Amino acid sequence: MKKTILSMGFLAAVAISSVSISCSSDNDDFGTEVAQKSVLTITLTGNNIATYKKVDLEILETNSGAIIKKTLENASAYSFELPFGSYKITANGTVITTENEEVQVGATGQKDINTAVVNLSLPLIIKQFNNDFIIEEVFFAGVKTNDGKNYNNSRYFKITNNTNDVLYADRLMIATSEFFTTVARSVTPNIVDQAFPISAVMIVPGSGKEHPVQPGSFIVVADNAINHAASNGFDLTKADFEFPSTNPTLGQVDNPGVPNMEIAYTQMTYNMIFLYTTSQQGYALARLPEGQTASTFLAENKYDYSYTNSAGGVTNKSIYKIPNSWIVDALNTSRDNDFLQILTAPSIDAGWTSASPGYNGKTVRRKVLGLMSNGKNLYKDTNNSTADFVRNSEPSLKNGIVR
């Protein structure tokens, strides 16, 4: 569920006219009193904005409390005649982005007006409606070494705070799907509307407020937090967390400087979590509720299901599930000619994205809508991975982890 960042458009200010009005009292012995006025021109600007569809402006004079309102439609600037004073300006409205998407925007500004002509540029910020972390990127496809061999390490999740508030990564759950988008089975019971069946889940350690993430910042959860550059992979030594593994055949070296994720459940041996190289899995980002532990999660969220196999018999399986109410973000991946089903409730993710074929060194990355007020990327999140992600994208950590 989010192409490259487009350059910020430049909008020229409209021509400004000024006016000065003098008012005198009638035969006043104390002389002439002048009420000074100015022309304030507000020019709207913004990142990736093609059309300013409708924007409401409100101008408040802080000393008198006087308010002026104006609605701009398909316009980016307007001039107001105002008395000298101190003003606060608020903008709220709807714009069309350069990708032809309608989004809501807002801005605030303030200005002391004490000259005949004043110009104010008001940068609009796209409003955010999500209130938790998002999956910004999953690199699962793998790479080829310089001598053409498949390399099974250097994979990662990039989890981003797409809000204006400080969030804590403690107790975040990262899960891989039990089912595949490329294999359609009629399972009983089908619980997609209530929960996400999983093949594995790992949990960010912490008691609640040990791992703060600033607005627009991210954490990296790497399969192996070392420098993979010698194998044509990425330098993941600065990852925040890494997958634990005791599998001797993978040759993984634990980085003692990077804390391990807690594996709550996996169907693989050696306490492993392994991302499929081919686009066919779903991934869920959830938050373990207060009062829950890995043990209570397993005790309360068992999922027994059955399906008719290719031989005509019945296969029964017992796994685990994550309630949809715990999930803060999810995405489905598939291959263009093999897609058969979405693995999540449509309200969580109604589409899918892709990075294929395997070992192509590409990734799935969320699209950038614009910039936050702090200059960090604001990512698209419509709960539809088809619309939100760039398929077969260049990995953001190709040159290492830069914050």
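Let's begin with a sheet: six strands form an open sheet in the order β17-β16-β11-β8-β23-β26, and the pairing is mixed. Its edge strands are β17 and β26 (389-393), each of which pairs on one side only. Here a strand is a DSSP run (E, at least two residues), and a helix is a DSSP run too (H or I, at least four), with numbering from the N terminus. Two strands pair if DSSP finds at least two bridges between them. Strands of a sheet pair through backbone hydrogen bonds, either parallel or antiparallel.

A word on what you are looking at: this is a predicted model, in which local features need pLDDT of at least 70 and side-chain atom pairs count only at pLDDT 80 or more, while totals for chains, interfaces and linings use all residues. Residues are numbered from 1 along each chain as its sequence is written, and side-chain values use heavy atoms, with hydrogens and water left out.

Inside the sheet, find β8 and β23, which pair in the antiparallel sense over two bridges. There, Glu 137 stands opposite Arg 365 in β23. Another pairing to look for is that of β19 and β22, which is antiparallel over five bridges, with Ala 284 standing opposite Ala 330 in β22. Strand β22 is mostly covered, as five of its six residues are buried. Buried means under 20% relative accessible area, exposed means over 50%, and partly exposed lies in between (1.4 Å probe, protein chains only).

Now turn to the aromatic rings. A search of the whole structure finds 14 aromatic pairs. Rings of Phe, Tyr and Trp (its six-membered ring) pair if their centres lie within 6.5 Å; planes under 30 degrees apart count as stacked, over 60 as edge-to-face and the rest as tilted. One of these pairs is Phe 139 with Phe 234, which is edge-to-face at 4.9 Å centre to centre and 65° between the planes. Phe 139 belongs to strand β8 (residues 133-139) and Phe 234 to the loop between β16 (218-222) and β17 (241-242), so this pair ties together parts that are 95 residues apart in sequence. Phe 139 counts as buried because its relative accessibility is 0%, and Phe 234 is buried as well, with a relative accessible area of 4%.

Phe 234 also has Tyr 156 as a partner: their ring centres are 6.2 Å apart and their planes at 70°, so the pair is edge-to-face. Tyr 156 sits in strand β11 (residues 156-161), and the pair links distant parts of the chain, 78 residues apart. Both Tyr 156 and Phe 234 are buried. Elsewhere, ring pairs link Phe 140, Phe 157, Phe 243 and Tyr 283 into a cluster.

What sits over the ring of Phe 218? The charged end of Lys 158 does, 4.4 Å from the ring's centre. The rule for this is that NZ of Lys or CZ of Arg lies within 6 Å of the ring centre and within 35 degrees of the ring normal.

Charges can meet each other, too. Side chains of opposite charge can pair when their charged atoms come close. A salt bridge is a side-chain nitrogen of Lys or Arg within 4 Å of a carboxyl oxygen of Asp or Glu, and by this rule the count comes to 14 salt bridges. In one of them, Arg 287 meets Asp 132, with the closest N and O atoms 3.0 Å apart. Arg 287 lies in strand β19 (residues 282-287) and Asp 132 in the loop between β7 (117-126) and β8, so the pair ties together parts that are 155 residues apart in sequence. Arg 287 is partly exposed, at 24% relative accessibility, whereas Asp 132 is buried, at 13%.

Glu 178 and Lys 317 form another salt bridge (3.1 Å, N to O). Glu 178 is in the loop between β13 (172-177) and β14 (195-203), and Lys 317 is in strand β21, so parts that are 139 residues apart in sequence are tied together. Glu 178 counts as buried at 9% relative accessibility, while Lys 317 is partly exposed at 34%.

Salt bridges that share partners join Asp 329, Arg 366, Asp 381 and Asp 388 into one network.
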